[in-house]
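Open the model in your viewer and keep the selection panel handy. This tour goes from pockets to a helix pair.

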Amino acid sequence: MSKLPNHILVIRLSAMGDVAMTVPVLRAFTEQYPDIKITVLTREFFKPFFRDLENVSVFAADLKGKHKGFFGLFELSKELRMLGIDAVADLHNVLRSKILKLFLLDLKPIQIDKGRAEKKALVSGKIFEQLKTTHQRYRDVFHKLGVPIKETKPSFPERSELNTKTLEIVGTNTRKWIGIAPFAAHKSKMYPLPSMEEVIEELSKEYTVLLFGGKDDAEYLSEIENEHVRNIAGKLSLDEELDVISNLDVMVSMDSGNAHMAAMMGIKVLTLWGVTHPFAGFYPFNQDADFSLLADRAKFPKIPTSIYGNKFPEGYEDCMITIRPEAVIEKVKYIIKNPTP
């Protein structure tokens, strides 16, 4: 039997959802291999994602500064070697990580198989079937490193205690908390805002609705705030947002990073899908297959039109109009009233 590594470098620089999806995989790894150290190479902003993982540290890549370009990556490789790494798991597999691995070739790095050919076949309509999940593709890398991760019942962090600043923003009532993240990188992945406003208005009659988004979304979200609808976009650090997410009863999200952030915390997630599709492998971790609502493929038969939602035929950008607000409301209430299997 080959010797196990002592210290694995895990590379996943972006994007938010993809980085968040590494967390449940690394949590399982640390539980099964408590003596193996993990260093995650990612962006400084994502550091809070890994805050409660045992024996996991984060090395922040300064990709716009001292680690920029070919020579910057060479300098980065020297800094990483000083940590004592003896194995490399590239969960990103992009040009930047490939260049970095050139300087670490003696460590025999293993890179993720993203399944590009299968994904191309999926969006071209040649196949329509469930592809391997991103979480499984991450686990495959560790298997090739000689440290396979067994399928076990996942564990999650405890609900976080909220600080005074956060409580002033979200309130302290005893209603169930529903997080709603209405935005996505592309319109084709975003539930129509008028329909989402109907959902928010109806759900706020019974629950507290917390609105998530980026700083650019804050102005719009602040306009629909009221006693039971609270906007937290742009008001909290990522650490504090994760604290809030850990206290949700359900998160409603597009096919976006917020879904994966909630899932990695063990929160139930209702995802709404437009021109993308769960078959591509980006369904949130450990969620019931029924915790999703998809655009009507009978009316939009070319779905999925792309993996990331950035490509679609004319008219497909509005495909999510086929998801009725009543269906979203009913599904949220169902999820809250029924425990996760």
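A pocket here is an open set of grid points where a 1.4 Å probe fits, with protein on both sides within 12 Å along at least five of seven lines. Keep in mind that this is a predicted model.

**Stop one: the largest pocket.** Now colour the helices α1 (16-32), α9 (238-245) and α10 (257-264). Each supplies at least two residues of this lining. By residue class, the lining holds 16 nonpolar, 10 polar and 6 charged residues.

**Stop two: the second largest pocket.** What lies closest to its centre? Select His135, Arg139, Glu151, Phe285 and Asn286; they are the closest of 25 lining residues. This pocket has about 400 Å³ of space. α1 gives the most, with 5 residues. The lining divides into 11 nonpolar, 8 polar and 6 charged residues.

**Stop three: a helix crossing.** Select α2 (residues 69-81) and α3 (residues 95-102). Their axes come within 9 Å and cross at roughly 55°. That angle makes α2 oblique to α3. The crossing is right-handed.

Show side chains next. On α2, pick Phe70, Leu73, Leu76, Ser77 and Leu80; they meet Arg96, Ile99 and Leu100 on α3. The residues of this contact comprise 6 nonpolar, 1 polar and 1 charged.

Key
Residues are numbered from 1 along each chain as its sequence is written. This is a predicted model: local features need pLDDT of at least 70, side-chain atom pairs count only at pLDDT 80 or more; totals for chains, interfaces and linings use all residues. Side-chain values use heavy atoms; hydrogens and water are left out. Helices (H or I, at least four residues) and strands (E, at least two) are DSSP runs, numbered from the N terminus. Ala, Val, Leu, Ile, Met, Phe, Trp, Tyr, Cys and Pro count as nonpolar, Asp, Glu, Lys and Arg as charged, and the others, Gly among them, as polar. On a 1 Å grid over the protein atoms alone, a cavity is a set of points where a 1.4 Å probe fits but cannot get out, and a pocket is an open set with protein on both sides within 12 Å along at least five of seven lines; lining residues have an atom within 4 Å of a point. Grid points are joined across faces, edges and corners, and a volume is the space filled by probe spheres set on the points. Axes are lines fitted to C-alpha atoms, for helices over the stretch in contact, and angles run from 0 to 180 degrees between N-to-C directions. Angles under 35 degrees count as roughly parallel, over 145 as roughly antiparallel, 65 to 115 as roughly perpendicular and the rest as oblique. A crossing is left-handed if the near helix is turned anticlockwise from the far one by less than a right angle, and right-handed if clockwise. Contact means heavy atoms within 4.5 Å.
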